[in-house]
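Dear colleague,

I am handing over the structure below, and after it you will find my notes on what turned up when I went through it. Please read them with the coordinates open beside you.

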Amino acid sequence: MALSEEPAVDAVEDPVEDRAEDAAEDAALACCASLESFGESAETKELLGRLPAVLGDRAAREGALERFRVIMDKYQEQPHLLDPHLEWMMNLLLEFVQDKKSPADLVHLAFKFLYIITKVRGYKTFLRLFPHEVADVHPVLDMFTDQNPKDHETWETRYILLLWLSVTCLIPFDFSRLDGNLHNQPGQERVSTMDRILQIAESYLVVSDKAQDAAAVLVSKFVTRPDVKQKKMASFLDWSLCTLACSSFQTIEGVIAMDGMLQALAQIFKHGKREDCLPYAATVLQCLDNCRLPDSNQTLLRKLGVKLVQRLGLTFLKPQVAKWRYQRGCRSLVAGLQLSVQSPRDPGIQTETPDSDGEDDVPEEVESVIEQLLVGLKDKDTIVRWSAAKGIGRLAGRLPKELADDVAGSVLDCFSFQETDNAWHGGCLALAELSRRGLLLPSRLPDVVTVILKALTYEEKRGACSVGSNVRDAACYVCWAFARAYEPQELKPFVAAISSALVIAAVFDRDVNCRRAASAAFQENVGRQGTFPHGIDILTTADYFTVGNRSNCFLVISTFIAGFPEYTQPMIDHLVTMKINHWDGAIRELSAKALRNLAQRAPEHSTRHVFPRLLSMTQSPDLHTRHGAVLACAEVTHSLYTLAVQQGRPISDFLDEKAVQGLKQIHQQLYDRQLYRGLGGELMRQADGWQWLINDTLRNLHLISSHSRQRIKEAAVSALAALCSEYYSGEADSTVQEELVKQYLAELQSPEEMARCGFALALGALPAFVLKGRLRQVLAGLRAVTHISPEDVSFAESRRDALKAISRICQTVGVQAEGTPDEVVCREDVAQVYCTLLGCLSDYTTDSRGDVGAWVREAAMTSLTDLTLLLARDQPELIEAPVCQRVMCCLAQQASEKIDRFRAHAARAFLALLHWDGPAVPHVPHRQELERLFPRSAVASVNWGAPSQAFPRVARLLGLPAYRYHVLLGLAVSVGGLTESTVRYSTQGLFEYMKGIQNDPQALEDFTGTLLHVFEDSLLNDRVSVPLLKMLDQMLANGCFAIFTAKENHPFCVKLLALCKEEIKKSKDVQKLRSSIAVFCGLVQFPGDVRRKVLLQLFLLLCHPFPVIRKSTASQVYEMVLTYDVVAADILDEVMAVLNCTAWDAELPVVRAQRNRLCDLLGVPRPQLVPKAPDAQTQQPWLTGPAAPWHAGSSRTEARTRVHCIGSRTLNHCATREARLTTFLPFHFPFC
């Protein structure tokens, strides 16, 4: 009594499906793969062999498991390569499992490895390799006694054991023979093997881990055995149905239980024989109906419900191949390709045969099954719809012809515009399954092709996006199935429509997966049908990979395909009907450009039908339609004009007077209907281009949303340039030109920043003939915009755009040393322009948006580069040596600062001037040294935006005297910055340079002189001074100035101390004070009077009004005492005890006493208290009272309030009358 592992019901069930699956697997195996064999065989064998050795080391165990997982995951796409090696891998692991001396952890580890193999290869292939002799049944069962279903660490063990048990259930012996005598001792009765297996299966069907899936497999193998089905099948089905009825999908426990029951029932009705399952099918179907699974929000439950329903339907119907199904006579690809050059071959072997089983009775339950599957086609989840579609195909293959045709008609009902996209998608999947199986007869093709052509362009707007890409993808699958299912003669009437629709989808669909699906379907039809026009030519251009780029599809591939007359008009009509009014603006713009290309392929059609329709669409109430139509009108008009010029014909041959008048009226009609206002106006302004509209747009840019402002500004400036070149070039238009320039210069003083931006760029876009005679006036106006005043300090964008305009004007009019000042840029103008550009490189304006001055600096760097290269090419004598040096030094400074993007931009500009291919830029300082430091070949591949690559190279410039000041200024900001990578690599670059000059006293003196110069110039400039203090701290701590410690009161440390004191004088900036404390602690290493002054400054900070400063000072002084030998050994312990044990955040009198004790110990004079100033009312009555001056507001809050000015140490202090300050020698102690 041998029990077959193969399902009995499906033995003759789906020959078409089986062949298709085999063909798909063979194709997958034959495809060109990156891997040819299991190359890690030796490593895997060694890894599995040393499992006992790594068991005790958790890290080694996890490493071995991870390494094995990485090896196996490489073969996820080609698991068949593992097949020759599965047996020895399993044997190695099962040796550990079957060895009774193996510890439990080793057994669990072996099962984890087995699970990884099963996951990659699939349990069906791996299952038959398990030992499945009679002697293996009880050992496997005994292993379950040690398993805890609630242990989440060992679920792999239970999963593999259940699979192993399922294959041992296939032994061809009755299980009762394994039990022997169940009554060995009086009063004791052992459980039979059959009951033990069933108990295990039932217990694991209600768990929440992967073991539940294996338990369902076990049930399907076990319950369908001949000896078990007689005794246990009915009871098990009764138990599963009761569990199903008592569970609710609204609770977690109910969902888990229903999942297990549905899996088990689906597996039983799949693998069981029909005659065994048929008596229970109606009961199971009724119970399933009562569960109301379609109402559940659990996708898996709905999918399993549909799966079980179709298995029940197959049980109700006899397993047979439908004699009436359509069979294609020849499926050879070669025959399909040769059809176009050979005579048409005969129809298929059998197209339609009479239905001989039409009189067979179909159980009434089948109607309920089909109804549920049709409902499943409309489910919200794809996996449910896909399962329902396969069920429809399987059931239709067993139905009589008339009923199967009714099912096809019901599927076609899904294609109603009253249905959702889910129904359309499910309907496409079902039609594909029916046609693939030969169950969709040719008589249905007219109806089916009609709906599929609609599905290929299906799209529904949902909010800010759309749905329907899955419908279009499934429609391509249907067309792919048509190619395989039907003879060319059957599809011949529909070839033109299907081929055009697939080409349109492959080229114009928004989603790349739909374009690729359409390309694949087109390729399948070309190969198997051989009737698609110009199929091979199109495939070579629009293959799977080339259609991946959307712009390439719209603008290049579409133009090529439109060269074939069969596709030209359908493509144009599709763009006008479906894409010009698309919700995605990018698609509308691409469609307009595509129409420009296609219009030249069919000018007559574009003139007579397309253009009038586009004109009418410009007045549509729908914003997207108006926008796309105006864009398309512009593109088509330009295309037809170009074509007329090429052919030497007047434009009136393509556009008559009515069409031209329609174009002229677009702007006025939109303005009259107030369609430029609101959010819709943002799109419409881009699509139109008359002078009034340009001026109005530039003037009201601030009213446009920020995300589209830049695009609209660029569109307006571009339209202005085209308008001026086309209409204002004549001498008669000089008055118009004068008025235009005058108006734009006046708008540069607008209080709105965006208006300044727009009109500045507009002036930069003017052609040379408009600027002629007005050049200096325009340059002066633009230079004025770049100046920073208190009113427009935050107008960084206007300054940026003014710099861009200046650079563009220089490129437009050219440079001539002795030229006419109002016509070309002359010598005097060059100096002024350079002054403006270099001045903007020091724009470090910040506001709530951050460093907005960086935009100005970036534009200035670009403009400097363009202007310098222009002069080097045309007028190199205008580049003066001081100017060139300043340009290069400023670029070097920007190339050493902290913002990656702008640092990279500066470096590229610097190298562009150094390595320009044209005439060398004159007067570049240290050119030879620069070319040695930055050779062209070496810097070409450097990523200057990466700190690790940029700073080591930029720091080399410190060795060149002309660049040292500016590079050090930039490095100070980077070394003292906040970004970890910037700080790390800039510090490394700086220290690498310092290391190289440690033995060169003169070089070190020059460096420190430059450093002090930078500090002195940056006093009270927090942007530089605070990070500079941090840089000085690091340099002092790393001994960069250790050579100066040999001399007392070295000028460097004396000057540095004075600058630090001046920097923190009266400062309340905590960050600056903390940085200065670190510098003071570093200065202690220098001997002489400077050390006593440094200690005095530190002791002053120990009594600072801010407790956080007092604590920080004490902490850093403590570290200083440990680091530097500045305290005598006999008092060291006492000094450290005072610093460590004092509560420095206590009240000032307490802290002051401890501070004075430290002064006495170290021999530093105690700081003296500043006497409190006499009462203001007594000494200076004019400061208070009715006659007191009024303060306009706080400088911090910019509040417009009027309050009495009551003293020099308050926020309300009036700057007009300063209170006298008391000064003590030798120092002034503001804090004490």
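**Notes on the chain**

Of the contacts in the chain with a separation of 6 or more, 70% are between residues 24 or more positions apart. Please keep in mind that this is a predicted model, in which the chain's secondary structure comes to 58 helices and 4 strands, and in which buried residues make up 52% of the 1232 residues.

**Confidence**

The average pLDDT of the chain is 85, and 86% of the residues score at least 70. Within the chain, confidence is highest in helix α24 (residues 495-508), at a mean of 96, and lowest in strand β4 (residues 1203-1204), where the mean is 37.

**A pair of helices**

Two packed helices are described by the angle between their axes and the distance between the axes. For helix α15 (residues 299-316) and helix α17 (residues 365-376), the axes come within 9 Å and cross at roughly 150 degrees. With angles over 145 degrees counting as roughly antiparallel, α15 and α17 are therefore roughly antiparallel to each other, and their crossing is left-handed. On the α15 side the residues that meet the partner are Val306, Val309, Gln310, Gly313 and Phe316, and on the α17 side they are Glu365, Val366, Val369, Gln372 and Leu373. By type, the residues of this contact between α15 and α17 divide into 6 nonpolar, 3 polar and 1 charged.

**Buried positions**

Helix α34 (residues 691-699) is mostly covered, with 7 of its 9 residues buried. The buried residues of α34 are Gln691, Leu693, Ile694, Asn695, Asp696, Thr697 and Leu698.

In helix α32 (residues 657-672) you will find Ile666, which has a relative accessible area of 5% and, since buried means under 20%, is therefore buried. The C-alpha atom of Ile666 is separated by 7.2 Å from that of Thr618, although the two residues are 48 residues apart along the chain.

Helix α50 (residues 1001-1017) holds Thr1010, whose relative accessibility of 14% is why Thr1010 counts as buried. Leaving aside residues up to four places away in sequence, Thr1010 touches Arg964, Tyr965 and Leu968.

**Two residues with positive phi**

Which values of phi are positive in a residue other than glycine? For His923, phi is near 65 degrees, and the residue is not a glycine. His923 is found in the loop between α44 (900-914) and α45 (927-933), and at 45% relative accessibility His923 counts as partly exposed.

For Leu1020, phi is also near 65 degrees, again a positive value in a residue other than glycine. Leu1020 has its place in the loop between α50 and α51 (1022-1037), and with a relative accessibility of 57% Leu1020 counts as exposed, the cut-off for exposed being over 50%.

With kind regards

Conventions: Residues numbered from 1 in each chain as written. Predicted model: local features only at pLDDT ≥ 70, side-chain atom pairs only at ≥ 80, totals over all residues. Heavy atoms only, no water. Buried < 20%, exposed > 50% of the residue type's maximum accessible area, 1.4 Å probe, protein only. pLDDT = per-residue confidence, 0-100. Axes fitted to C-alpha atoms, helices over the stretch in contact; angles between N-to-C directions. Parallel < 35°, antiparallel > 145°, perpendicular 65-115°, else oblique. Left-handed = near helix turned anticlockwise from the far one by under 90°. Contact = heavy atoms within 4.5 Å. Nonpolar A, V, L, I, M, F, W, Y, C, P; charged D, E, K, R; others polar.
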